[in-house]
Amino acid sequence: MTIKRTMNKKILLVDHSQTSLFLERMILRQGPYDLVTAADGEEGVREALAQRPDLILMDVVMPRMNGFQALRELRARPETRQTPVILVTTRGEPANVEEGWESGCSDYLTKPIDPEELLTKVKSCLGA
Amino acid sequence: MKRATLDDTLALAEALERIDRLSAELPAGRDPLRGELQALRDRLVPHVESAAVLHGELASRELELKRLEEALAEARRRGAETASHYVAMHRLHGTLDRGQVLLALEEIVASLLGCEEMAVFELIGTPPVLMPVLTAGIAPSIRDAIRPGVGMIGQVVVSGVAWIAEGEAWPDHDGRPLTACVPLKVDGAVTGVLALYRLLEHKGRLLPADLELLDILGTHAGTALCATRLRMRTAWSS
(Lines give C-alpha, C1' and ligand atoms only; values in the text may rest on other atoms or scores of the structure.)
Protein backbone atom coordinates (compact mmCIF):
# COMPACT_ATOMS: atom_id res chain seq x y z
CA MET A 1 0.00 0.00 0.00
CA THR A 2 1.31 3.41 -0.89
CA ILE A 3 0.86 6.08 1.74
CA LYS A 4 0.43 9.47 0.14
CA ARG A 5 1.85 12.21 2.35
CA THR A 6 1.16 15.84 1.64
CA MET A 7 3.65 18.36 2.93
CA ASN A 8 2.60 21.92 3.66
CA LYS A 9 4.67 24.57 1.94
CA LYS A 10 6.70 26.67 4.32
CA ILE A 11 6.53 30.47 4.02
CA LEU A 12 8.86 32.86 5.83
CA LEU A 13 7.31 36.27 6.61
CA VAL A 14 9.84 39.04 7.18
CA ASP A 15 8.47 42.37 8.42
CA HIS A 16 9.28 44.72 11.30
CA SER A 17 5.61 45.71 11.57
CA GLN A 18 3.72 43.40 13.91
CA THR A 19 0.51 44.63 12.29
CA SER A 20 1.62 43.51 8.82
CA LEU A 21 2.83 40.15 10.13
CA PHE A 22 -0.47 39.63 11.94
CA LEU A 23 -2.49 40.40 8.81
CA GLU A 24 -0.31 38.22 6.57
CA ARG A 25 -0.65 35.34 9.03
CA MET A 26 -4.44 35.75 9.05
CA ILE A 27 -4.64 35.70 5.26
CA LEU A 28 -2.23 32.81 4.70
CA ARG A 29 -3.70 30.69 7.49
CA GLN A 30 -6.49 29.90 5.01
CA GLY A 31 -4.03 27.91 2.88
CA PRO A 32 -1.97 24.77 3.46
CA TYR A 33 1.07 26.68 4.63
CA ASP A 34 3.43 26.51 7.59
CA LEU A 35 4.36 30.04 8.57
CA VAL A 36 7.54 31.31 10.23
CA THR A 37 8.35 34.95 10.92
CA ALA A 38 11.32 37.27 11.26
CA ALA A 39 11.37 40.91 12.42
CA ASP A 40 14.09 42.40 10.19
CA GLY A 41 16.30 41.64 7.19
CA GLU A 42 19.16 40.20 9.21
CA GLU A 43 16.90 37.81 11.07
CA GLY A 44 15.15 37.06 7.79
CA VAL A 45 18.37 35.88 6.12
CA ARG A 46 19.26 33.83 9.21
CA GLU A 47 15.81 32.19 9.29
CA ALA A 48 15.85 31.56 5.55
CA LEU A 49 19.11 29.61 5.87
CA ALA A 50 17.90 27.72 8.93
CA GLN A 51 14.31 27.01 7.87
CA ARG A 52 14.81 26.67 4.09
CA PRO A 53 11.31 28.01 3.26
CA ASP A 54 9.56 27.43 -0.07
CA LEU A 55 8.70 31.13 -0.30
CA ILE A 56 9.68 34.37 1.45
CA LEU A 57 7.48 37.45 1.85
CA MET A 58 9.80 40.36 2.61
CA ASP A 59 9.14 43.95 3.66
CA VAL A 60 11.54 46.58 2.29
CA VAL A 61 11.77 49.24 5.00
CA MET A 62 13.22 47.42 8.02
CA PRO A 63 15.79 48.12 10.71
CA ARG A 64 19.31 46.60 10.71
CA MET A 65 19.08 45.23 7.14
CA ASN A 66 16.48 46.43 4.66
CA GLY A 67 14.59 44.17 2.27
CA PHE A 68 16.74 44.93 -0.79
CA GLN A 69 19.95 44.18 1.13
CA ALA A 70 18.49 40.98 2.57
CA LEU A 71 17.31 39.91 -0.88
CA ARG A 72 20.76 40.45 -2.40
CA GLU A 73 22.25 38.46 0.48
CA LEU A 74 19.82 35.60 -0.19
CA ARG A 75 20.57 35.63 -3.92
CA ALA A 76 24.31 35.47 -3.21
CA ARG A 77 23.98 32.23 -1.24
CA PRO A 78 23.59 28.91 -3.07
CA GLU A 79 21.09 27.58 -0.47
CA THR A 80 18.61 30.42 -1.07
CA ARG A 81 19.49 31.54 -4.60
CA GLN A 82 16.41 29.87 -6.11
CA THR A 83 13.95 30.59 -3.27
CA PRO A 84 11.14 32.82 -4.57
CA VAL A 85 10.87 36.14 -2.73
CA ILE A 86 7.87 38.47 -2.90
CA LEU A 87 8.59 42.00 -1.71
CA VAL A 88 5.62 43.32 0.29
CA THR A 89 6.04 47.01 0.94
CA THR A 90 4.59 50.48 1.25
CA ARG A 91 7.26 51.62 -1.22
CA GLY A 92 5.35 51.56 -4.51
CA GLU A 93 7.38 54.22 -6.32
CA PRO A 94 8.76 53.07 -9.70
CA ALA A 95 12.39 53.49 -8.54
CA ASN A 96 11.78 51.14 -5.60
CA VAL A 97 9.92 48.60 -7.72
CA GLU A 98 12.83 48.65 -10.19
CA GLU A 99 15.36 48.18 -7.38
CA GLY A 100 13.29 45.25 -6.16
CA TRP A 101 13.47 43.51 -9.53
CA GLU A 102 17.18 44.29 -9.82
CA SER A 103 17.76 42.77 -6.38
CA GLY A 104 16.20 39.55 -7.62
CA CYS A 105 12.64 39.53 -6.30
CA SER A 106 10.14 37.13 -7.86
CA ASP A 107 7.19 39.48 -7.43
CA TYR A 108 6.28 42.82 -5.87
CA LEU A 109 3.23 43.66 -3.75
CA THR A 110 2.35 47.05 -2.31
CA LYS A 111 0.68 47.72 1.05
CA PRO A 112 -2.11 48.01 2.05
CA ILE A 113 -2.23 44.29 1.28
CA ASP A 114 -5.10 43.04 -0.83
CA PRO A 115 -5.76 39.49 0.50
CA GLU A 116 -6.86 38.11 -2.86
CA GLU A 117 -3.81 39.54 -4.59
CA LEU A 118 -1.50 38.15 -1.91
CA LEU A 119 -3.01 34.66 -2.13
CA THR A 120 -2.84 34.71 -5.93
CA LYS A 121 0.82 35.75 -5.96
CA VAL A 122 1.73 33.21 -3.28
CA LYS A 123 0.02 30.39 -5.20
CA SER A 124 1.69 31.52 -8.41
CA CYS A 125 5.17 31.57 -6.81
CA LEU A 126 4.63 28.16 -5.22
CA GLY A 127 3.35 26.75 -8.50
CA ALA A 128 0.10 25.60 -6.88
CA MET B 1 -21.47 12.26 -24.18
CA LYS B 2 -21.51 15.40 -26.25
CA ARG B 3 -22.86 18.40 -24.34
CA ALA B 4 -25.91 20.05 -25.92
CA THR B 5 -25.24 23.58 -26.98
CA LEU B 6 -27.33 26.46 -28.29
CA ASP B 7 -26.07 25.57 -31.79
CA ASP B 8 -27.48 22.04 -31.42
CA THR B 9 -30.85 23.46 -30.37
CA LEU B 10 -30.92 25.79 -33.37
CA ALA B 11 -29.86 22.97 -35.71
CA LEU B 12 -32.77 20.82 -34.48
CA ALA B 13 -35.23 23.67 -34.97
CA GLU B 14 -33.88 24.28 -38.48
CA ALA B 15 -34.21 20.57 -39.32
CA LEU B 16 -37.85 20.70 -38.24
CA GLU B 17 -38.52 23.73 -40.45
CA ARG B 18 -36.82 22.00 -43.37
CA ILE B 19 -39.03 18.91 -42.94
CA ASP B 20 -42.14 21.12 -42.91
CA ARG B 21 -40.94 22.93 -46.05
CA LEU B 22 -40.12 19.69 -47.90
CA SER B 23 -43.45 18.20 -46.89
CA ALA B 24 -45.33 21.27 -48.21
CA GLU B 25 -43.39 21.26 -51.49
CA LEU B 26 -43.99 17.56 -52.20
CA PRO B 27 -46.15 17.03 -55.32
CA ALA B 28 -49.37 15.08 -55.11
CA GLY B 29 -48.97 11.32 -55.22
CA ARG B 30 -45.91 11.21 -52.98
CA ASP B 31 -47.90 10.15 -49.95
CA PRO B 32 -45.46 7.46 -48.76
CA LEU B 33 -42.62 10.01 -48.67
CA ARG B 34 -44.90 12.54 -46.97
CA GLY B 35 -45.70 9.84 -44.37
CA GLU B 36 -41.96 9.22 -43.78
CA LEU B 37 -41.36 12.95 -43.35
CA GLN B 38 -44.23 13.13 -40.87
CA ALA B 39 -42.80 10.18 -38.93
CA LEU B 40 -39.41 11.87 -38.89
CA ARG B 41 -41.05 15.06 -37.71
CA ASP B 42 -42.86 13.27 -34.92
CA ARG B 43 -39.56 11.83 -33.73
CA LEU B 44 -37.82 15.15 -33.92
CA VAL B 45 -40.40 17.35 -32.14
CA PRO B 46 -39.81 15.96 -28.60
CA HIS B 47 -36.06 16.50 -29.06
CA VAL B 48 -36.59 20.10 -30.17
CA GLU B 49 -38.84 20.76 -27.17
CA SER B 50 -36.46 19.04 -24.78
CA ALA B 51 -33.49 21.01 -26.16
CA ALA B 52 -35.42 24.26 -25.72
CA VAL B 53 -36.19 23.39 -22.09
CA LEU B 54 -32.55 22.43 -21.44
CA HIS B 55 -31.38 25.62 -23.05
CA GLY B 56 -33.68 27.64 -20.80
CA GLU B 57 -32.37 25.78 -17.75
CA LEU B 58 -28.78 26.38 -18.84
CA ALA B 59 -29.43 30.12 -19.17
CA SER B 60 -31.00 30.10 -15.71
CA ARG B 61 -28.01 28.19 -14.23
CA GLU B 62 -25.59 30.61 -15.86
CA LEU B 63 -27.46 33.51 -14.30
CA GLU B 64 -27.36 31.78 -10.90
CA LEU B 65 -23.62 31.11 -11.31
CA LYS B 66 -23.02 34.79 -12.06
CA ARG B 67 -25.03 35.77 -8.98
CA LEU B 68 -23.06 33.33 -6.80
CA GLU B 69 -19.74 34.60 -8.19
CA GLU B 70 -20.76 38.15 -7.27
CA ALA B 71 -21.85 37.01 -3.80
CA LEU B 72 -18.51 35.20 -3.33
CA ALA B 73 -16.57 38.30 -4.38
CA GLU B 74 -18.61 40.40 -1.92
CA ALA B 75 -18.09 37.83 0.87
CA ARG B 76 -14.34 37.84 0.20
CA ARG B 77 -14.29 41.64 0.26
CA ARG B 78 -16.17 41.72 3.57
CA GLY B 79 -13.88 38.99 4.90
CA ALA B 80 -10.82 41.06 4.03
CA GLU B 81 -12.33 44.11 5.75
CA THR B 82 -13.22 42.11 8.85
CA ALA B 83 -9.67 40.71 8.98
CA SER B 84 -8.31 44.23 8.78
CA HIS B 85 -10.63 45.42 11.60
CA TYR B 86 -9.74 42.40 13.73
CA VAL B 87 -6.01 43.02 13.30
CA ALA B 88 -6.42 46.71 14.17
CA MET B 89 -8.41 46.03 17.36
CA HIS B 90 -6.14 43.19 18.41
CA ARG B 91 -3.07 45.40 18.03
CA LEU B 92 -4.61 48.40 19.83
CA HIS B 93 -5.98 46.46 22.79
CA GLY B 94 -3.18 43.90 23.07
CA THR B 95 -1.15 46.07 25.44
CA LEU B 96 -1.42 48.79 28.08
CA ASP B 97 1.99 50.16 27.20
CA ARG B 98 1.49 53.67 25.79
CA GLY B 99 4.47 53.45 23.42
CA GLN B 100 3.23 50.12 22.04
CA VAL B 101 -0.31 51.45 21.49
CA LEU B 102 1.05 54.47 19.60
CA LEU B 103 3.36 52.20 17.56
CA ALA B 104 0.39 49.94 16.76
CA LEU B 105 -1.62 52.99 15.65
CA GLU B 106 1.23 54.15 13.40
CA GLU B 107 1.55 50.65 11.88
CA ILE B 108 -2.21 50.35 11.34
CA VAL B 109 -2.36 53.69 9.53
CA ALA B 110 0.65 52.77 7.38
CA SER B 111 -0.06 49.09 6.67
CA LEU B 112 -3.85 49.01 6.57
CA LEU B 113 -4.71 52.52 5.35
CA GLY B 114 -1.67 53.34 3.20
CA CYS B 115 -0.59 56.55 4.94
CA GLU B 116 2.89 57.13 6.36
CA GLU B 117 2.39 60.80 7.22
CA MET B 118 0.27 61.07 10.34
CA ALA B 119 -0.12 62.59 13.77
CA VAL B 120 -2.06 61.83 16.93
CA PHE B 121 -3.17 64.69 19.21
CA GLU B 122 -4.66 64.44 22.66
CA LEU B 123 -6.58 67.06 24.63
CA ILE B 124 -4.38 67.99 27.55
CA GLY B 125 -4.46 70.72 30.25
CA THR B 126 -6.95 73.32 31.46
CA PRO B 127 -8.30 74.80 29.31
CA PRO B 128 -7.61 71.77 27.12
CA VAL B 129 -5.43 72.14 24.04
CA LEU B 130 -4.47 69.54 21.44
CA MET B 131 -0.93 68.33 22.04
CA PRO B 132 0.83 66.05 19.53
CA VAL B 133 1.66 62.72 21.17
CA LEU B 134 2.79 60.97 17.98
CA THR B 135 4.00 62.21 14.62
CA ALA B 136 5.31 60.09 11.76
CA GLY B 137 6.63 60.88 8.30
CA ILE B 138 6.27 64.64 8.62
CA ALA B 139 9.24 66.93 9.01
CA PRO B 140 9.77 69.04 10.98
CA SER B 141 7.70 67.32 13.64
CA ILE B 142 4.64 69.14 14.87
CA ARG B 143 5.45 70.60 18.26
CA ASP B 144 2.91 73.34 18.74
CA ALA B 145 -0.33 72.90 20.60
CA ILE B 146 -3.56 73.49 18.64
CA ARG B 147 -6.46 75.25 20.28
CA PRO B 148 -9.90 73.64 19.77
CA GLY B 149 -11.62 75.34 16.84
CA VAL B 150 -8.41 76.31 15.06
CA GLY B 151 -7.93 74.77 11.61
CA MET B 152 -9.56 71.55 10.50
CA ILE B 153 -7.98 69.55 13.32
CA GLY B 154 -9.28 72.02 15.90
CA GLN B 155 -12.73 72.06 14.30
CA VAL B 156 -13.02 68.28 14.39
CA VAL B 157 -12.42 68.39 18.14
CA VAL B 158 -15.26 70.87 18.58
CA SER B 159 -17.72 69.13 16.23
CA GLY B 160 -16.78 65.56 17.14
CA VAL B 161 -17.35 64.64 13.50
CA ALA B 162 -14.67 63.17 11.23
CA TRP B 163 -13.52 65.17 8.24
CA ILE B 164 -12.39 63.45 5.04
CA ALA B 165 -10.95 65.37 2.06
CA GLU B 166 -13.23 64.92 -0.93
CA GLY B 167 -10.47 64.99 -3.51
CA GLU B 168 -6.81 65.64 -2.96
CA ALA B 169 -5.33 66.43 0.46
CA TRP B 170 -6.44 69.85 1.73
CA PRO B 171 -3.98 72.27 3.41
CA ASP B 172 -4.79 72.80 7.07
CA HIS B 173 -4.14 76.01 9.04
CA ASP B 174 -0.39 75.27 9.16
CA GLY B 175 -0.25 74.50 5.42
CA ARG B 176 0.14 70.75 5.82
CA PRO B 177 -1.96 68.76 3.31
CA LEU B 178 -4.59 66.93 5.32
CA THR B 179 -6.43 63.85 3.95
CA ALA B 180 -8.50 62.85 6.97
CA CYS B 181 -9.08 63.97 10.50
CA VAL B 182 -10.85 61.65 12.92
CA PRO B 183 -11.91 62.44 16.47
CA LEU B 184 -10.71 59.99 19.12
CA LYS B 185 -13.53 59.32 21.53
CA VAL B 186 -14.11 57.62 24.87
CA ASP B 187 -17.75 57.14 25.88
CA GLY B 188 -18.74 59.64 23.20
CA ALA B 189 -16.47 62.42 24.50
CA VAL B 190 -13.65 63.66 22.25
CA THR B 191 -10.23 63.03 23.79
CA GLY B 192 -8.03 63.72 20.78
CA VAL B 193 -7.61 63.59 17.01
CA LEU B 194 -6.00 61.25 14.51
CA ALA B 195 -4.74 63.25 11.52
CA LEU B 196 -3.75 61.63 8.22
CA TYR B 197 -1.70 63.82 5.92
CA ARG B 198 -0.65 62.67 2.44
CA LEU B 199 -1.45 59.06 1.47
CA LEU B 200 1.08 56.80 -0.22
CA GLU B 201 1.31 57.66 -3.90
CA HIS B 202 -0.01 54.30 -5.10
CA LYS B 203 -2.88 54.42 -2.59
CA GLY B 204 -4.46 57.40 -4.30
CA ARG B 205 -7.57 57.91 -2.16
CA LEU B 206 -9.44 56.54 0.83
CA LEU B 207 -12.02 53.87 -0.04
CA PRO B 208 -15.30 53.11 1.78
CA ALA B 209 -13.57 50.24 3.65
CA ASP B 210 -10.89 52.69 4.83
CA LEU B 211 -13.57 55.01 6.21
CA GLU B 212 -15.03 52.09 8.18
CA LEU B 213 -11.59 51.36 9.62
CA LEU B 214 -11.10 55.05 10.49
CA ASP B 215 -14.44 55.00 12.30
CA ILE B 216 -13.29 51.97 14.30
CA LEU B 217 -9.95 53.65 15.06
CA GLY B 218 -11.77 56.74 16.36
CA THR B 219 -13.36 54.67 19.12
CA HIS B 220 -10.77 51.97 19.75
CA ALA B 221 -7.62 54.10 19.56
CA GLY B 222 -9.26 56.64 21.90
CA THR B 223 -10.14 53.90 24.40
CA ALA B 224 -6.75 52.19 24.10
CA LEU B 225 -4.87 55.47 24.72
CA CYS B 226 -7.17 56.28 27.65
CA ALA B 227 -6.43 52.84 29.13
CA THR B 228 -2.68 53.51 28.94
CA ARG B 229 -3.14 56.80 30.82
CA LEU B 230 -5.13 55.05 33.54
CA ARG B 231 -2.46 52.36 33.73
CA MET B 232 0.26 55.02 34.09
CA ARG B 233 -1.69 56.76 36.87
CA THR B 234 -2.18 53.43 38.66
CA ALA B 235 1.52 52.65 38.32
CA TRP B 236 2.49 56.05 39.73
CA SER B 237 0.11 55.88 42.64
CA SER B 238 1.15 52.37 43.72
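This note reviews salt bridges in a predicted model.

1. Basis of the note. Because this is a predicted model, local features need pLDDT of at least 70 and side-chain atom pairs count only at pLDDT 80 or more, while totals for chains, interfaces and linings use all residues. Residues are numbered from 1 along each chain as its sequence is written, chains are lettered from A and ligands numbered from 1 in the order in which they are written, and side-chain values use heavy atoms, with hydrogens and water left out.

2. Total. Over all chains, the structure holds 23 salt bridges (a side-chain nitrogen of Lys or Arg within 4 Å of a carboxyl oxygen of Asp or Glu).

3. A pair in chain A. Lys111(A) and Asp15(A) form a salt bridge, at 2.8 Å from N to O. Lys111(A) lies in the loop between strand S5 and helix H5, and Asp15(A) in the loop between strand S1 and helix H1, so the pair ties together parts that are 96 residues apart in sequence. Helices (H or I, at least four residues) and strands (E, at least two) are DSSP runs, numbered from the N terminus. Both residues are buried (under 20% relative accessible area; exposed is over 50%, partly exposed in between; 1.4 Å probe, protein chains only).

4. Pairs in chain B. Arg77(B) meets Glu74(B) in a salt bridge of 2.7 Å, N to O; both lie in helix H2, three residues apart. Arg78(B) forms a salt bridge with Glu81(B). Arg78(B) is partly exposed at 35%, whereas Glu81(B) is buried at 7%.

5. Network. Salt bridges link Glu74(B), Arg77(B), Arg78(B), Glu81(B) and Glu212(B) in a network.
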